[in-house]
Amino acid sequence: MKTDKKQNQYRINEQIRVREVRIVGDNGSTVMPIRQALDLAHQQGVDLVEISPNAQPPVCRLIDYSKFLYQQKKRQKELKAKQVKVEVKEIRFGPQTDEHDYQFKLKHAREFLEEGNKVRAYVFFRGRSILFKEQGEVLLLRFANDLEEVGKVESMPSLEGKKMFLYLAPKKAGVAKKSQQARDREADGVEKKREERADGQELTNVEMPANGGLLANAKISADALKKLTESNEAE
């Protein structure tokens, strides 16, 4: 049934009822009367296939119709294969998610973003746990900041019923920045080397993050994420 519908999509030979047509091929295009085009198709043992009926005059090709349909099907299959299907992956938290569970879900979210998928993270408040909505917001802001290298914030955390949502989209390759967590780790490494120096000299040309880094105590302000969002949009 689908094949018949595809075949009826194009007019061929005597089905083309116009005064003249434009014949296109490897050597360019030529406008000629429909009768001359039909005679030419008959001489070459092929079909006259109308590929652009709305053009003035209509555009046709001289080709075997079954071969033409095969080429069209193959082209559509190739285009479909090239299309990138973006999925939205969900990550669920509780308002008091422990560190081990947090890191486990952070790892999966990073993989989703690196694969080109979007991530919808949310905190589910069950019963009286809605009293901890601020704690849930802090968790989502930390989550966004830890994924700064591979994801950008599409919307700030927002409460919808018993769920608080945060949406992240994958960053384009080559534009990822180091997260505050990564910068803190590097700073810790510098501090360790400083302590190990035999001569006891201090590194004076390295600026250390204030208060041990933005995420040292998981206290991330909304202003911090706002700057992060503006930075992503500027890219």
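Biologist: Which residue of E2 stands opposite Val-24?
Modeller: In this predicted model, Val-24 stands opposite Ser-29 in E2, where strands are DSSP runs of E, at least two residues, numbered from the N terminus.

Biologist: And how do E1 and E2 pair?
Modeller: Strand E1, residues 20–25, and strand E2, residues 28–33, pair in the antiparallel sense over six bridges, pairing being counted if DSSP finds at least two bridges between two strands. The two strands form a hairpin, with two residues between them.

Biologist: What about E1 and E4, parallel or antiparallel?
Modeller: E1 and strand E4, residues 59–63, run parallel and are joined by two bridges, and Arg-22 has Val-59 as its bridge partner in E4.

Biologist: So what order do the strands of that sheet take?
Modeller: The sheet is open and has four strands in the order E2-E1-E4-E3, with mixed pairing. Its edge strands are E2 and strand E3 (47–52), each of which pairs on one side only.

Biologist: Changing topic, which strand holds Leu-159?
Modeller: Leu-159 is found in strand E7, which covers residues 151–160.

Biologist: Why do you call Leu-159 partly exposed?
Modeller: Because its relative accessible area is 37%, and partly exposed lies between buried, under 20%, and exposed, over 50% (1.4 Å probe, protein chains only).

Biologist: Anything to know about the numbering and the values?
Modeller: Residues are numbered from 1 along each chain as its sequence is written, and side-chain values use heavy atoms, leaving out hydrogens and water. As the model is predicted, local features need pLDDT of at least 70 and side-chain atom pairs count only at pLDDT 80 or more, while totals for chains, interfaces and linings use all residues.
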